Amino acid sequence: MPQISSDDLPPFATASEERFALAVRGTNDGIWDWDIRSGEVFFSPRWKDMIGYEDHELANEFSTFETRVHPEDHDRVMKTVNDYLYGSLDRYAVEFRFQHKDGSWRWILARGRALRDAEGKPYRMAGSHTDITEQKLSEEQLRHARLAAEAANRAKSAFLANMSHEIRTPMNGIIGMGELLLNTKLDPKQHEYLLMLKNSAESLLALLNDVLDFSKIEAGKMELDEQDFDLRHTIADTLLALGVRAMQKNLTLTHKVTEDVPVILLGDDGRLRQILINLVGNAIKFTDRGEIIVRVRIESRALDKTTLHFEIHDTGIGISPEVQGRIFDAFTQAETNTNRRYGGTGLGLAICRDLVELMQGRIWVESEPGKGSTFHFTAVFGEATQDSLDKPSAPATGPLLGLAEKSMKVLVVEDGRVNQLVAAKLLEERGHRVEIANNGQEAVEKVRDGDFDAILMDVHMPEMNGFQATSAIRQIEEKHGGHVPIIAMTANALKGDREQCIAAGMDDYVSKPIHSAELLHAVERFMHGRTAAPPRLEITGTPAEAAKPKKRGPAFKADVFVAAAGGPEMAKELIAIYAEDSDKFLQDASAALSAGNAVALYEAAHSLKGMLGVYTATRASETASHLCHLAQDGDLFGARALLEKLKKECARLGTALANVDLSSSSD
């Protein structure tokens, strides 16, 4: 037990103060006592020992304390003392760094109380010093660990966003050209092969979307976008999109919503569609004969909230009892051979579980092997506004075939001519009139000079990006009136957010690679003027850092390029514009490098990378992607050598394109 002697007490200590000193000594703290009127100060031996001194080595003076406070903490500590004694503070407690005899700094927690006379003036102050260095070191370690974890999470998100962009850019050419080619005259075998190509590309895109959605939910970034929607039409539209797959397997796909379910609800219909697509899509995948039925009824009602109960019943292969308990875990398949036979990431049901929880509901399954499954989930929705109830219901969205009901004048703002070509062809085949702007500045000038029914605006462009161009167009409209719908286009998918587009004044957005139905729906919903329909997809506004490619892909192959282009006719057009476009982007990159402008270098490399992806030029595209990364890092020295390599790759590609024999594919 620690002993206390008279040396531990101030010479003016009372009996009660002796008891206090004994208690403080027991806590291993140092005590101090300051007679404010006389200036006399007492520091206990333990107080001095805490900073490495024997009792006789330090004078009992106020300067002994003040001169050892860290210079960066000194003024703050002195102000705290003054504010407590003569100001508004009702207690004295302050942390600061205090110098040890060996020159190191110890963290001290000082606490004390003052005695005051009848007029409230302080005449004496006593308290303790506690060494909290270890606690501070632990806090600092935890802070660094937290920062490291946050940095790792940001790096993961950046990698996923860039991975999405890297995959989506070349897929824009594959899916876009494939859809265009499906509208041409093909023999049955060509049609079959092309459908297989398109289905494979869309399966890859679905897998990518699953991974990105799961990562976003895992990071706590997923939020619901609530608005009024027609539940019955949402379900009908969703099942219509899945109906072709059911029909191909000779399955019956039906749905029933009980009459008491409100027509218009308040909620996130986009996320509800995502849940239904996953669950109904799984039911179709795992059912070889019979039917899939979707039922919706009211579970409960309270105030302005309605809880709905959804059931998706199938007559498929069923799920064993031991698997049912973990089927909603990430990366889980029903059985080992299920993945081999049916494919999938095992993320769809985990995403459904998390989305249902966001909707304040729960999800579960009832199943028996060989007799089918019934997936249940509940979700809470709000009541619709009176304005929404007064509006007539919109017709269900069906497939887009033939010419549009009305021809629209559409401005396509895109710096890459390959993407210009894909978007323009899709719109023109529907009977729309198309004008092209190569960047945001051109778009603004065209809007000054003419009227458009809609604008497709690429987000990421040199000189003036899509957000800046949209803002400039909205300023023009503020002066002269009118409102042209602007639909954003982007190849990124993870970090961008709806608010970015709305803040810039955009009305909707679509994600690259461009799907004909999605693009045409986005444009044609403005056919009769601006509507209140919300944006459905997410975009990103800034490029994100990603891991550099570790291995080189295969060299350019002419037959792969022609197939991806959708045939010799489109391939011929792409070959004709390659030299001019690639030279332009390479010149822009060289000029940016000479000027030391990393941002402009990224813009040029990014545009070139997107173009090269359409030509299926793996080596050149990877080199351009690597150049993007160096530009993001500000590594202009490394970028200089890589740009020379990129020029050589582009020259080799140009030679290969010039030697492509299209005659053998022109039958």
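## Salt bridges

The side chains of Lys136 and Glu95 form a salt bridge, with N and O 2.8 Å apart. This pair links distant parts of the chain: Lys136 sits in helix α5 (residues 133-182), and Glu95 sits in strand β3 (residues 92-99). They are 41 residues apart. Glu95 is partly exposed, at 30% relative accessible area. The model is predicted, and it holds 31 salt bridges.

Arg430 pairs with Glu524, their closest N and O atoms being 2.7 Å apart. Arg430 is buried, at 9% relative accessible area. Glu524 is buried too, at 12%.

Glu119 and Lys121 also meet in a salt bridge, at 3.9 Å from N to O. Glu119 is exposed, with a relative accessible area of 64%. Elsewhere, salt bridges join Glu72, Asp73, Arg76 and Arg97 in a network.

## Helix α15

Helix α15 covers residues 466-480. Its 15 residues reach 21 Å from first C-alpha to last, close to the 21 Å expected. Asn465 caps the N-terminal end: a side-chain oxygen lies 3.0 Å from the backbone nitrogen of Phe467. Just after the helix, Gly481 has a positive phi of about 85°.

Which residues of α15 are buried? Among them are Phe467, Ile473, Arg474 and Glu477.

## A loop residue, Glu226

Glu226 is in the loop between α6 (188-218) and β6 (227-230). Its relative accessibility is 45%, so Glu226 counts as partly exposed. Leaving out residues up to four places away in sequence, Glu226 touches Leu266, Gly267 and Asp268.

Technical notes. Residues are numbered from 1 along each chain as its sequence is written. This is a predicted model: local features need pLDDT of at least 70, side-chain atom pairs count only at pLDDT 80 or more; totals for chains, interfaces and linings use all residues. Side-chain values use heavy atoms; hydrogens and water are left out. Helices (H or I, at least four residues) and strands (E, at least two) are DSSP runs, numbered from the N terminus. Buried means under 20% relative accessible area, exposed over 50%, partly exposed in between (1.4 Å probe, protein chains only). Contact means heavy atoms within 4.5 Å. The expected span of a helix is 1.5 Å times one less than its number of residues. A polar contact is a pair of N or O atoms within 3.5 Å; within protein, one must be able to donate a hydrogen and the other to accept it, and residues adjacent in sequence count only if both atoms are side-chain atoms. A salt bridge is a side-chain nitrogen of Lys or Arg within 4 Å of a carboxyl oxygen of Asp or Glu.
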